[in-house]
Amino acid sequence: MKKNYLYIVLTRTGTIFSKAIGLVTGKKYTHVSIASDELLTQMYSFCRDKKDMPLPAGFNREDLFTEVFGACRTIPGEVYRIQVTDEQLERYNDVIRHFILNRKSYSYDVGALLPMALHIPYKTGNRFVCSVWVGFVLGKSGICHNIAKQPSLIEPEDFRSIEDAELIYRGDLKKYRSYIAELRADANMSENKTIPLYSDETA
């Protein structure tokens with residue numbers, strides 16, 4: 001029986017905004033995205049609309065080789081996969097469809113950065129930062145996680161400690177798809193089997 005997975009993608013870009021977040025939080029990764037396919041071609045998050053300007057920003061489909069990521073020579077990151085049920089995957093797809101159809105109703109919550117830095121819970125409404133949105137999506141999809149924080153204070157690196165999340169890649173995400181393709185070229189490797197962890201801390 002085919003297994004279903006969602007993929008949590010942690011990254012750090014070289015943008016001024018990303019560097020500022022890293023300086024404030026002191027954390028390695030400053031952005032998180034979520035995808036429903038192994039090659040991360042259906043990857044979404046809350047982020048800037050265009051690579052050259054931090055605003056406007058909101059719900060966007062992301063790609064490792066275009067826009068902000070495309071402008072990066074390397075993309076230090078980690079990829080985790082979480083096994084989900086058919087029902088959870090269906091609910092996830094419904095949530096993503098909702099945001100696609102209602103994209104203009106949501107925006108990036110620039111004002112959240114200060115209360116998050118001060119650890120002060122706040123109401124999100126129709127505004128999100130990437131990490132709060134990914135946590136929201138998991139909840140709406142019926143996927144429980146063990147992040148012991150008020151939802152509005154969830155940070156990208158909190159997703160590294162989710163129970164049952166399997167780390168499958170650490171390093172330059174520019175090389176991620178070729179790594180997965182090489183694995184799949186092996187006739188003995190199916191998507192349902194355990195993926196050998198690739199780890200390159202030089203990224």
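Helices (H or I, at least four residues) and strands (E, at least two) are DSSP runs, numbered from the N terminus. In the predicted model described here, local features need pLDDT of at least 70 and side-chain atom pairs count only at pLDDT 80 or more, whereas totals for chains, interfaces and linings use all residues. Residues are numbered from 1 along each chain as its sequence is written, and side-chain values use heavy atoms, with hydrogens and water left out.

The protein chain contains six helices and nine strands. Of its 203 residues, 49% count as buried, where buried means under 20% relative accessible area, exposed over 50%, and partly exposed in between (1.4 Å probe, protein chains only). The accessible surface of the chain is about 10500 Å², and carbon and sulfur atoms account for 55% of that area; such areas come from the Shrake-Rupley method with a 1.4 Å probe, and for residues only the protein chains shown count as cover. Among contacts (heavy atoms within 4.5 Å) between residues at least 6 apart in sequence, 65% join residues at least 24 apart.

A nonpolar core is a set of buried Ala, Val, Leu, Ile, Met, Phe, Trp, Tyr and Cys residues joined through side-chain atoms within 4.5 Å. The largest such core has 38 residues, and those with the most contacts inside it are Ile8, Ile34, Phe46, Tyr92, Phe99, Trp133 and Phe159. At least two residues of this core are supplied by each of β1 (4–11), β2 (31–35), β3 (43–50), β4 (53–62), β5 (76–84), α3 (86–101) and α5 (130–140). Helix α5 gives the largest share, six residues. Apart from this core lies another, of 18 residues, which includes Ala35, Met43, Val79 and Leu173. When residues up to four places away in sequence are not counted, Phe46 touches His31, Gly58, Phe59, Phe99, Tyr106, Ser107, Tyr108, Phe128, Val129, Cys130 and Trp133.

Strands β3 and β4 run antiparallel and are joined by seven bridges; two strands pair if DSSP finds at least two bridges between them. Within this pairing, Met43 has Glu62 of β4 as its bridge partner. The two strands are connected by a hairpin through two residues. Asp52 is found in the loop between β3 and β4 and counts as exposed because its relative accessible area is 65%.

Glu67 belongs to helix α2 (residues 67–70) and, because its relative accessibility is 38%, counts as partly exposed. His119 is located in the loop between α4 (113–117) and β7 (127–128); with a relative accessibility of 57%, His119 is therefore classed as exposed.

The loop between α4 and β7 also holds Ile120, which is partly exposed because its relative accessibility is 43%. Together with Leu114 and Leu118, Ile120 forms a nonpolar surface patch with about 300 Å² of accessible area. Patches are made of residues with over 30% relative accessible area and no salt bridge, like charges being joined within 9 Å and nonpolar side chains (Val, Leu, Ile, Met, Phe, Trp, Tyr) within 5 Å. A salt bridge is a side-chain nitrogen of Lys or Arg within 4 Å of a carboxyl oxygen of Asp or Glu.
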